[in-house]
Amino acid sequence: MRAAVILNPVKVPEDFQSTVDAALTKHDFENTLWLETTEDDAGVTMARRAIDETVDLVVIAGGDGTVRVVCGELARTAIPVAVLPTGTGNLLARNLGISLDLDTALSEVLGGSERRIDSVQVEGDELGTDRFMVMAGLGLDAAIIADAPEDLKKHVGWAAYIVSTLKNLNHPFVKVEITIDERPPITRRARTVVIGNVGTLQANIPLLPDALPDDNLIDLVILAPRRLTHWPRLALSLVIKSIQEGRHIERFTGRTIQLRTTHPVRRELDGDEIPAGTTLTATVDPHALVVRVP
């Protein structure tokens with residue numbers, strides 16, 4: 001068998017290639033194709049080359065953005081994907097139950113089983129057509145991601161997002177019209193709106209507790225605390241299920257979800273800020289991707 005390894009060289013440790021090579025050899029992979037992403041290409045060209053080479057497995061090592069781009073290209077190809085947690089968030093790996101330790105993760109994905117999961121097609125103004133695997137959001141969610149200091153992320157990892165969250169807790173409200181499938185639109189004033197294919201954040205916070213990567217649905221959460229004093233209870237309700245969430249959190253599910261705001265707002269896909277805009281439309285693509293899981 002032959003594998004392709006698509007890696008972000010900024011995200012991987014120095015001994016990464018030798019470690020992965022040894023694990024692939026142990027699992028009967030030979031003549032591995034090594035492809036590095038660049039500042040101008042987060043994985044599109046590399047994924048297409050892996051497809052052209054008809055490899056038996058694509059191993060992805062990088063941040064959530066690299067994972068998103070490569071998985072987007074591999075959707076509907078039937079080529080299995082093995083995600084290694086070498087980024088800051090590692091949200092897809094976390095939600096698939098893959099260890100955050102590299103050696104353990106290699107053992108889990110190379111010796112594990114295959115699972116078909118959903119991908120989500122997304123489009124919007126200033127965006128075109130794209131895909132995400134984890135979450136897309138607008139408002140506070142996008143501000144937290146964009147404002148997390150890069151130097152701090154390198155030193156403390158995902159904890160840098162806590163600093164950014166505290167900085168942005170008073171993020172202005174966004175007026176958003178939400179249309180789910182064929183239902184009548186609803187309008188809300190929210191701090192943030194997030195659409196998820198999976199639901200668990202860093203520190204195992206279940207932002208979308210009912211979201212599953214293979215349920216043919218996408219989940220939506222609206223967070224709308226009116227004052228700073230509402231945040232502590234909202235945060236506790238996300239972590240402790242016995243605490244009632246109250247009226248500052250709403251959740252919905254559907255197959256297609258459209259968000260439309262009254263003015264351009266900050267937006268993100270799988271941890272990458274994208275151009276500000278007024279619309280996001282997400283549609284589930286059921287069982288579009290084959291992944292290796294423990």
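**Close-up views of a predicted model**

**View 1. Arg251 and its surroundings.** The side chain of Arg251 reaches the backbone oxygen of Leu207 at 2.9 Å. That is a polar contact (a pair of N or O atoms within 3.5 Å; within protein, one must be able to donate a hydrogen and the other to accept it, and residues adjacent in sequence count only if both atoms are side-chain atoms). Arg251 is found in strand S12, residues 249–254. Helices (H or I, at least four residues) and strands (E, at least two) are DSSP runs, numbered from the N terminus. At 27% relative accessibility, Arg251 counts as partly exposed. Buried means under 20% relative accessible area, exposed over 50%, and partly exposed in between (1.4 Å probe, protein chains only). Arg251 and Leu223 are 28 residues apart along the chain, and their C-alpha atoms are separated by 9.1 Å.

This is a predicted model: local features need pLDDT of at least 70, side-chain atom pairs count only at pLDDT 80 or more, and totals for chains, interfaces and linings use all residues. Residues are numbered from 1 along each chain as its sequence is written, and side-chain values use heavy atoms, with hydrogens and water left out.

**View 2. Helix H1 and its buried side.** Helix H1 spans residues 16–26, and its buried residues are Phe16, Thr19, Val20, Ala23 and Leu24. They cover an arc of only 130 degrees around the axis, so they sit on the same side of H1. The arc is that of the directions from the helix axis to the C-beta atoms. An α-helix has 3.6 residues a turn, so residues three or four places apart point the same way. Thr25 and Lys26 are exposed on the other side of H1. The cover over the buried residues of H1 includes strands S1 (3–7), S2 (33–36), S3 (57–62) and S4 (81–85), and helix H5 (102–110). Just after H1, Asp28 takes a positive phi of about 70 degrees.

**View 3. An aromatic pair.** Rings of Phe, Tyr and Trp (its six-membered ring) pair if their centres lie within 6.5 Å; planes under 30 degrees apart count as stacked, over 60 as edge-to-face and the rest as tilted. By this rule the count comes to one aromatic pair. Phe16 and Trp34 form it, edge-to-face, with 6.3 Å centre to centre and 90 degrees between the planes. The pair links distant parts of the chain: Phe16 lies in helix H1 and Trp34 in strand S2, 18 residues apart. Phe16 counts as buried, at 2% relative accessibility. Trp34 counts as partly exposed, at 22%.

**View 4. Strand S14 and its partners.** Strands S5 (residues 113–124) and S14 run antiparallel, joined by 10 bridges. Two strands pair if DSSP finds at least two bridges between them. Glu114 stands opposite Arg292 in S14. Strand S13 (residues 256–269) also pairs with S14 in the antiparallel sense, over nine bridges. Leu269 has Asp272 in S14 as its bridge partner. S13 and S14 form a hairpin with two residues between them, and Asp270 in the turn has a positive phi of about 45 degrees.

**View 5. Asp285 within S14.** Asp285 has its place in strand S14, residues 272–293. At 10% relative accessibility, Asp285 counts as buried. Its side chain makes a polar contact with the side chain of Arg131, at 3.0 Å. Leaving aside neighbours within four places in sequence, Asp285 is in contact (heavy atoms within 4.5 Å) with Arg76, Asp118, Ser119, Val120, Gln121 and Arg131.
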